[in-house]
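Open the structure in your viewer and keep the selection tool at hand. This tour goes stop by stop: select, look, move on.

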Amino acid sequence: MKKFWQWKNKKVINQESQEEVLERTLFLNGTIAEESWFDDDVTPQLFKEELLSGAGDITIWINSPGGDCVAAAQIYNMLMEYKGNVTVKIDGLAASAASVIAMAGSKVLMSPVSLIMIHNPATMAFGDKSEFQKAIAMLSEVKESIVNAYEIKTGMARVKIARLMDDESWMNANKAVELGFADGILKRNTEDMLEPPVLSMMYSKALVVNSLKAKIAAKCRIEPKEVVKECSVDECLKKLELLKNHI
């Protein structure tokens, strides 16, 4: 089993009480569980034991492209049940399953250059028609469970969240704060947060594809030729006679 998490603990002085307290920091880097936790009892238990080995508030740094949705769901639940405050800091990427874990934070802060990506769950299936129908039904339920986490954090309508997932949406820090996926933007060497600017951007794969299709269709459109009105032989002879009279 390859661990994708690492704890770093150090003792610091509490500025208010002047007492020595344990500062707990969890780093989630790389793929979330290269091997699924679906039938794994050992790894989730190990993660839980390490999480509960101390008390007090914790800080979680996330830089992950995602991974196993079952592992992400279990970690999300453990963090939601944790008694102390959980501050999530995204310093690179929180994509796919990693974005679900981020939603468990009491406060979610993003680096100005970090990204969140949400999309529909995916799987591989093998077998006959009924097996593929089961896989489709399973993916639909997995998507609904992921929407639950996003809805709790953002307060956004489920239909809008589902549409963002359909489009495979990439959000910079400003857009994530605007939509409620994050609470603030990190500044250097301080816990203070930057005020998000008025302008924010989000990349949507579907919108880019549709825009490209529209541009190609506009370029390839064939303009109709001007229709030349035909005249009969008698009409042409009359026009020739009129021309002769003016020569």
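**Stop 1: strand β5.** Select L109, which sits in strand β5, residues 107–110. Keep in mind that this is a predicted model. Is L109 buried or exposed? L109 counts as buried, because its relative accessibility is 2%. L109 and D183 are 74 residues apart in sequence. In space, their C-alpha atoms are 5.8 Å apart.

**Stop 2: the whole protein.** Zoom out and colour by secondary structure. The protein has eight helices and ten strands. It has 247 residues, and 36% of them count as buried. Next, think about contacts in the protein with a separation of 6 or more. Residues 24 or more positions apart account for 64% of these contacts.

**Stop 3: the largest nonpolar core.** Show side chains. The largest nonpolar core has 52 residues. Which of them have the most contacts inside it? Select L28, I60, I62, I116, Y150 and F181. Then highlight α2: the largest share of this core, six residues, comes from there.

Stay with L28 for a moment. Leave aside residues up to four places away in sequence, and L28 touches F4, W5, F47, I60, W61, I62, N63, S64 and I101. Two names on that list, I60 and I62, are also among the residues with the most contacts inside the core.

**Stop 4: helix α1.** Select residues 42–51, which form helix α1. Its buried residues are T43, P44, F47, E50 and L51. They lie on the same side of α1, because they cover an arc of only 130° around the axis. What do they pack against? The partners are β1 (5–13), β2 (20–29), β3 (58–64) and α2. F47 is also one of the residues that L28 touches.

Now pick out E50, in this helix. E50 touches K3, W5, W7 and R24, again not counting residues up to four places away in sequence. E50 and Q6 are 44 residues apart along the chain, and their C-alpha atoms are separated by 9.6 Å.

**Stop 5: the second largest pocket.** About 580 Å³ of space lies in the second largest pocket. Its lining takes in 26 residues. Which lie nearest its centre? Select C69, V70, V142, S145 and I146.

Colour the elements next. Those giving two or more residues to the lining are α2 (69–81), α3 (97–102) and α4 (129–154). The largest share, nine residues, comes from α4. By class, the lining has 17 nonpolar, eight polar and one charged residues.

Stop 6: Select S96, in the loop between β4 (86–95) and α3. S96 has a positive phi of about 55°, although it is not a glycine. Is S96 buried or exposed? S96 is buried, with a relative accessible area of 18%; the cut-off for buried is under 20%.

Stop 7: Move to A122, in the loop between β6 (115–118) and α4. A122 counts as exposed, because its relative accessibility is 74%. A122 and S140 are 18 residues apart along the chain. Their C-alpha atoms are separated by 10.0 Å.

**Stop 8: helix α5 and what follows.** Select α5, residues 158–166. Which of its residues are buried? They are I161, A162, L164 and M165. These residues sit on the same side of α5, because they cover an arc of only 160° around the axis.

Step just past the helix to E168. Here the chain takes a positive phi of about 50°, although E168 is not a glycine. E168 belongs to the loop between α5 and β7 (169–172). This residue is partly exposed, with a relative accessible area of 23%.

**Last look.** Show S96 and E168 together. S96 is the buried one, at 18%, while E168 is partly exposed, at 23%. Then return to L109, buried in strand β5, where the tour began.

Terms used. Residues are numbered from 1 along each chain as its sequence is written. This is a predicted model: local features need pLDDT of at least 70, side-chain atom pairs count only at pLDDT 80 or more; totals for chains, interfaces and linings use all residues. Side-chain values use heavy atoms; hydrogens and water are left out. On a 1 Å grid over the protein atoms alone, a cavity is a set of points where a 1.4 Å probe fits but cannot get out, and a pocket is an open set with protein on both sides within 12 Å along at least five of seven lines; lining residues have an atom within 4 Å of a point. Grid points are joined across faces, edges and corners, and a volume is the space filled by probe spheres set on the points. Helices (H or I, at least four residues) and strands (E, at least two) are DSSP runs, numbered from the N terminus. Ala, Val, Leu, Ile, Met, Phe, Trp, Tyr, Cys and Pro count as nonpolar, Asp, Glu, Lys and Arg as charged, and the others, Gly among them, as polar. A nonpolar core is a set of buried Ala, Val, Leu, Ile, Met, Phe, Trp, Tyr and Cys residues joined through side-chain atoms within 4.5 Å. Buried means under 20% relative accessible area, exposed over 50%, partly exposed in between (1.4 Å probe, protein chains only). Contact means heavy atoms within 4.5 Å. The arc is that of the directions from the helix axis to the C-beta atoms.
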